[in-house]
Amino acid sequence: MADSSRLIVVSNRLPVALVREGGEWTTKRSAGGLATAMDPILKRAGGVWIGWSGAQEEEPQEAIELLRQEQSCIAVDLPAELLEKFYEGYANQALWPLFHSFPSRLHFASENWEAYIEANRRFCSAVADEFRPGDRIWVHDYHLMLLPGMLRERIPDAAIGFFLHIPFPGSDIFSILPRGEELLAGVLGADLIAFHTHLHLQHFRMSLRRLLGIESTVDRVEAPGREVRLQALPIGIAPDEFLGYQDKPETQAELEKLRAQYSGRKVIVAVDRLDYTKGLPDRLRTFRRLLSSHPEFIGKVVLLQIAVPSRENIGSYQELRSEVHELISEINGEFGTPDWVPIVYIHRGISRPELVAVYQFADIAWVSPLRDGMNLVAKEYVACQPDGNGVLVLSAFAGAAAEMGEALLINPFDQERTAFTVARALDLSEDEKRDRMLALHERVIRNNVFAWGDRFLMLLDETVKIRREHAPERPPLLPVDELEDAYRKAARRLLLLDYDGTLVRLAARPNEATPDDNLRNLLAQLTSDPANCVMVVSGRRAADLERWLGQVPHLGLAAEHGARWRLPGSTAWQGRSAETQWKDSVRPILEHFVDRTPGSFIEEKEFALVWHYRTIEAEFGDWLATELVAMLEGMLAETELRPYRGNKVVEVKPMWANKGALASELAPEYAGAGFILAIGDDRTDEDLFARLPEDAWSVHVGGGPSKARYNVTDTVRVREFLYRLTRQDRKTAI
Ligand code: ADQ
């Protein structure tokens with residue numbers, strides 16, 4: 001499969017530039033790490049790259065054709081206004097600062113969010129137009145977090161991978177992000193979601209749990225109807241893009257220049273995009289501190305700061321530029337001498353030979369981002385040291401630190417200790433330097449960007465293969481046409497509908513999940529057909545169901561998981577009467593848990609006591625629930641009561657009160673020639689599914705395994721297909 005299927009790479013920017021020379025369009029491929037990594041894979045798989053070309057105006061058709069034919073690139077059209085709001089607005093002024101843990105720099109505007117959705121839609125259309133069955137789609141980075149979900153809707157069986165190049169922040173920070181829930185749901189459309197480090201992955205998992213209430217394990221998470229694979233997969237560099245340049249005459253010429261310029265002095269190099277996450281001002285201040293606290297370096301050490309301009313349309317980047325310029329002037333003014341400039345500043349992108357020469361020449365690379373997904377500069381510097389020269393001083397907050405333990409790690413926020421570490425790097429013994437650098441070099445060469453790309457695609461293939469093989473084990477999606485046919489043919493029908501999580505969305509507090517008028521109308525239409533016996537079968541109290549749904553003509557109600565029921569057309573409740581003495585001994589235990597966790601509460605039903613903890617921090621709530629269940633199991637072992645764990649609830653109720661018993665009571669009448677439909681979303685509905693005849697239409701709502709024959713993704717879909725059954729004209733879409 002890996003070799004026969006094409007690859008569609010999707011990223012915000014295409015790895016090419018369109019240039020107009022003398023009235024003729026030409027294309028130029030950029031030598032970025034990602035493009036270098038993807039090129040051999042794209043060549044092998046015969047794929048395409050989809051993204052924005054960088055053009056501010058719509059390109060003429062000839063230029064678009066050229067991109068496609070010469071570079072296998074497809075340009076997504078993003079009009080200037082949309083681009084500004086999507087790219088500079090939501091992506092770079094909301095996502096970028098927040099994902100790098102700079103909440104104070106967050107700027108959110110809902111029109112930017114709308115533009116983000118629209119831009120992702122345009123990417124989705126471009127991919128869908130290009131997609132052929134069997135293709136793999138690899139979506140890159142924070143600009144396109146909604147795209148996996150959009151693609152999943154449009155091409156449900158597609159193999160979709162997503163890689164995040166920037167850090168994923170802690171869940172406290174992530175929860176600040178307006179529209180964060182939608183983003184999480186969007187990336188979950190992928191089969192494989194990968195990050196640079198385990199920490200980023202952990203943060204993502206925690207946000208899934210806290211914001212969406214979705215549990216996951218170290219390497220996977222259950223999405224509706226599918227399993228999504230999670231991975232930490234650190235990106236590498238293309239070694240030849242650096243080592244291959246070392247012997248070139250242009251590089252040698254640059255080296256000569258550097259030797260002449262800095263003879264007798266040690267050079268510390270810093271190479272950054274001019275971005276506030278890269279920590280330039282902090283580095284400059286720390287360098288000032290180093291010169292003050294270690295005067296022996298005065299005249300002996302030069303900081304060569306190379307900064308490539310970046311995102312200059314955004315105000316905060318302009319401020320950063322001024323701040324950096326001012327700091328450099330101050331420090332050079334304060335310490336410089338007629339023959340020594342402490343900080344040499346190059347404010348532009350430099351050529352590859354220049355960059356390689358600088359890396360090769362520098363005694364130290366000082367890589368000190370305040371937060372960084374990976375940081376390729378650290379790896380590029382190390383790649384240029386095949387002989388084990390040089391020292392890498394590296395921020396612990398760069399993703400690279402997770403796999404570059406032989407570097408001298410620093411906390412860039414701690415100027416005093418960072419200055420001390422840089423001083424140490426300047427004095428490190430040759431042996432220690434070599435030991436550290438050779439270990440780093442070897443790893444950077446081995447774990448290169450090709451290994452990264454291959455591994456990602458291998459994992460994607462594996463995940464998709466498992467999904468396709470295992471699909472039959474989980475309930476398949478409900479074939480609504482077939483269901484409708486069976487429904488229409490049947491002379492008598494039984495419909496058993498769960499309430500919470502099936503007919504209405506789960507709410508934080510039970511009383512918030514009241515039925516809306518649309519639901520009442522839908523139920524009334526279903527019950528108006530005399531061939532139908534419709535029952536809402538819920539864990540709710542009889543009084544609640546009666547109050548909310550009692551007015552729907554001819555609707556049957558079953559309360560407390562089937563402990564009591566009221567048949568269609570009747571107002572009398574049947575079932576056992578409640579024995580309630582046990583509550584006096586269980587209630588104090590639940591109260592004790594409520595005292596420990598403000599926000600949780602007890603719901604009292606006729607037959608049951610329920611501890612609700614939906615609003616509690618998820619991990620803590622689940623941990624307490626386990627403790628509570630263990631305690632109650634011991635205490636109730638000799639009784640007919642049991643504690644049951646549901647969706648963020650622990651419910652204590654008699655064993656016999658379950659939906660299965662009710663199913664056994666009602667279903668036999670409809671077996672054979674009739675039609676039985678049962679829909680539900682949680683564990684208590686499994687009892688119901690298990691007791692139905694084989695040909696019944698049992699439907700599980702949401703992800704995960706189930707005994708039901710079919711699956712639908714959410715409450716919206718449930719209502720959609722029920723609504724369809726009520727229409728007289730067949731197969732009318734709503
Ligand atoms: P970036 O934020 O762009 O990438 P980084 O990984 O440091 O960060 O890559 C910067 C690149 O630009 C390097 O290849 C570097 O050589 C080059 N560069 C910087 N200054 C230059 C200059 N003056 N002249 C020439 N070249 C220069 C994002 C994430 C990172 C992650 C990468 C890859 O923010 O954390 O490592 O993607 O996943």
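**Ground rules.** I number residues from 1 along each chain as its sequence is written, and side-chain values use heavy atoms, with hydrogens and water left out. As the model is predicted, local features need pLDDT of at least 70 and side-chain atom pairs count only at pLDDT 80 or more, while totals for chains, interfaces and linings use all residues.

**Domains.** I looked up the domain assignment first. The chain has domain 1 (7-232), domain 2 (240-445), domain 3 (480-571 + 656-726) and domain 4 (583-654); such bounds come from an automatic or database domain assignment. The centres of domain 2 and domain 3, taken over C-alpha atoms, are separated by 66 Å.

**Ligand shell.** Next I asked where the ligand lies. Both domain 1 and domain 2 give residues to its shell, so the ligand lies between them. I find 23 residues around the ligand, and the closest are His165, Asp372, Met374, Leu376 and Glu380; a residue is near if one of its heavy atoms lies within 4 Å. By type, the shell has 12 nonpolar, 5 polar and 6 charged residues. Strands E12 (266-273) and E13 (301-308) and helices H13 (352-361) and H14 (376-383) each supply at least two shell residues. Helices (H or I, at least four residues) and strands (E, at least two) are DSSP runs, numbered from the N terminus.

**N and O atoms at the ligand.** A polar backbone atom of Met374 sits 2.7 Å from a ligand oxygen. Lys278 has a polar side-chain atom 3.0 Å from an oxygen of the ligand. For Arg348, a backbone N or O atom is 3.0 Å from a ligand nitrogen. On its own the ligand has 710 Å² of accessible area, and the protein covers 83% of that (Shrake-Rupley method, 1.4 Å probe).

**Thr421.** I checked this residue in helix H15 (residues 415-427). Thr421 counts as buried because its relative accessibility is 13%, and buried means under 20% (1.4 Å probe, protein chains only). Beyond its neighbours within four places in sequence, Thr421 is in contact (heavy atoms within 4.5 Å) with Leu408 and Ile410.

**Ala531.** My last stop was the loop between helix H19 (517-527) and strand E19 (532-537), where Ala531 sits. Again leaving aside neighbours within four places, Ala531 is in contact with Ala491, Arg492 and Arg493. From Glu57, Ala531 is 474 residues away in sequence and 62 Å away in space, C-alpha to C-alpha.

How values were computed
Buried < 20%, exposed > 50% of the residue type's maximum accessible area, 1.4 Å probe, protein only. Polar contact = N/O pair within 3.5 Å; in protein donor to acceptor, adjacent residues only side chain to side chain. Nonpolar A, V, L, I, M, F, W, Y, C, P; charged D, E, K, R; others polar.
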